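Please take a moment to look over the structure below. We will walk through the overall form of one chain and then visit the open spaces in the protein.

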Number of protein chains: 2
Amino acid sequence: MNIYDISTQAGVSIATVSRVLNGSDKVSSATRQKVLNIIEKNGYTPNAFARSLCLNTMSTVGILCSDASDVYQSQVIYFLERELRKHSYTSMLCCTGHNLQEKKEYLKLLLSRNVDALIFIGSHFIEASGKGNSYILDAARKIPVFLLNGKLDGENIYSILCDDESASRDITDLLFDRGCTAPIYLYRILTYSCRRKIRGFCHSVREHGIDDTKKLAYSCPGSVEKTCRILEVVRESGVFFDAVVAADDELAAGAVKYAIRNGFQIPADFQVAGYNNSVLSACSSPEITTLDNRVEFMSITAVSHIIQVLQGKNVPSKMIYSGQIVEKETTRKKDLNL
Amino acid sequence: MNIYDISTQAGVSIATVSRVLNGSDKVSSATRQKVLNIIEKNGYTPNAFARSLCLNTMSTVGILCSDASDVYQSQVIYFLERELRKHSYTSMLCCTGHNLQEKKEYLKLLLSRNVDALIFIGSHFIEASGKGNSYILDAARKIPVFLLNGKLDGENIYSILCDDESASRDITDLLFDRGCTAPIYLYRILTYSCRRKIRGFCHSVREHGIDDTKKLAYSCPGSVEKTCRILEVVRESGVFFDAVVAADDELAAGAVKYAIRNGFQIPADFQVAGYNNSVLSACSSPEITTLDNRVEFMSITAVSHIIQVLQGKNVPSKMIYSGQIVEKETTRKKDLNL
């Protein structure tokens, strides 16, 4: 049964049914009772869907990610959904992949569903060239846009970022402090966030007397096994390295596998640092020293910002917070150095 | 701008605007053009939201899971969303947790949003006692309900399950075949799926001459580290075990950690088997022998069933498919036994 059936059975207009559902006082009490009786008789839920007829809102937030099965993104999704729900918003989830056209189509779909706000998880939605960002700027003309770990200047666009550059510098500093002499960097794709991480890594490396940072960052798009093989290829090409700083914990797990398979002792003669402080860092043996980029904090803060913006309040368009090193078993503890 | 504004500006009823948006032929071409002009002038997207006025559908499927950050559930969510999107459905995601009241509220919310179907991920939604299942049976009176790895008899309810019982028996058989003599079982909570897994495990154990299966299954609700500690407590209590069969890969990673920390050689004198064939089994060193329960296959099949049911076609209410053992490094290979 839908709103049409109700209006037909009650012998009133759809607008009148909507007014009743929406609690308007422009309906006589007799008409209201008639409509409510029919609704009750038919077990129709006076719902958000019907209310939205008048309010033009569904209290829904669109969440866009590239891959909900990614360990980092899945955590963000979980915390966002729980937090949005606490504020009576539901989540429309879109796994866009990395194709720009597909991202645009998903966005169009969400806008056609009258979502109240958009959340983009990760910086891969932002094109460094700037050409591919117009779809986000267009969307921001209609509803507020929140970028988690992405940054884009524009009206109605809000960014919340972990200070990945400082964090990556700090964790590389830690490896030097623990005795490594030649770290290399592993990443997946060159997103905005990843560029900042590499910048922080290179900053630390240069401060420790290595001037040529050209051959220090390697792209590993694949799995643990593939990462392990890529490191073997790098080594065979004549590059010496005694530590790996990775853009995420899965890449770091690949580095641990490489070290074990090739007879290096971790952390005595090979050190590894991951990123995200995910369950993957705990599943590895030895457990991986990693960077906690505070996924729960970021998600709760993002929802708080969204609610404030939707209430017409003024919030800063950009917020950067610091991460935290969680030292585990893949870096040499101070006392081991003595 | 909403449908009311359009109807006001065009001087026609809301029903007429709806008819135009829905492509009905009961509108004169002059009226149709007038409405479309106003829509175009105001940049209004003739949207799913407006179309749903007539069709009473939003082409949305509600996905309920306990925790989207769980490695297994996040994979299911990813594949479901991608597959639903291919069929022009969007996904409303709900992370319900394990509290029955909260599950009921989420379900009510989804129904109020007029979703077309419901997908429940995991068997924890089904209460063994049967008392807590009425909210699912009620929902199925309105829209089709799909249980992934859960089972509940009822009209308009469809189950797709991995044959966890046979799979767990097979993987335990494998451990015996590889030389273990005393396996124990680790699980999180006693869901329907988990009970079947334990049944399969016990079946194998009894077939290998161990009659008393009472003290063989242990609950580990926590992390890798906690699982490791629980195993130490079990050992200290006097129970001898030389293999662990786990209900998921994270628990298995905890067993690997226990073995390494306590000086056991894997797989020479300690063997481990996981479940789900997740990235966690690949991140562990040694990599964990695990059961591939075909998450992608299950998700694609589920969406295919949903589409067929929504098209009025007849599909079986229950489908069970077999899993596949993926043998990695935590079980003794045949040639090592020679």
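Let's begin with an open space: the second largest pocket holds about 1000 Å³. Keep in mind as you explore that this is a predicted model. Around the second largest pocket stand 37 lining residues, and those nearest its centre are Ser66(A), Asp70(A), Gln73(A), Arg188(A) and Asp248(A). Which elements each supply at least two residues of this lining? They are H5, helix H9 (192-207) and helix H11 (249-261) of chain A, together with H5 of chain B. By type, the lining has 13 nonpolar, 16 polar and eight charged residues.

Now move to the largest pocket, with about 1200 Å³ of space. Its lining counts 47 residues, and Asp70(B), Gln73(B), Arg188(B), Asp248(B) and Glu250(B) lie nearest the centre.

Finally, step back to see chain A as a whole. You can find 14 helices and 12 strands in chain A. Its radius of gyration is 26 Å, well over the 20 Å that the globule rule gives for 338 residues, so chain A is more spread out than a compact globule. Along the principal axes, its C-alpha atoms fill a box of roughly 85 × 35 × 30 Å. Of the 338 residues in chain A, 58% are buried.

Methods:
Residues numbered from 1 in each chain as written. Chains lettered and ligands numbered in written order. Predicted model: local features only at pLDDT ≥ 70, side-chain atom pairs only at ≥ 80, totals over all residues. Heavy atoms only, no water. 1 Å grid on protein atoms, 1.4 Å probe; cavity = no way out; pocket = protein on both sides within 12 Å on 5 of 7 lines; lining within 4 Å. Points joined across faces, edges and corners; volume = space filled by probe spheres on them. Helix = DSSP H or I, 4+ residues; strand = E, 2+ residues; numbered from the N terminus. Nonpolar A, V, L, I, M, F, W, Y, C, P; charged D, E, K, R; others polar. Rg over C-alpha atoms; globule rule 2.2 N^0.38 Å. Buried < 20%, exposed > 50% of the residue type's maximum accessible area, 1.4 Å probe, protein only.
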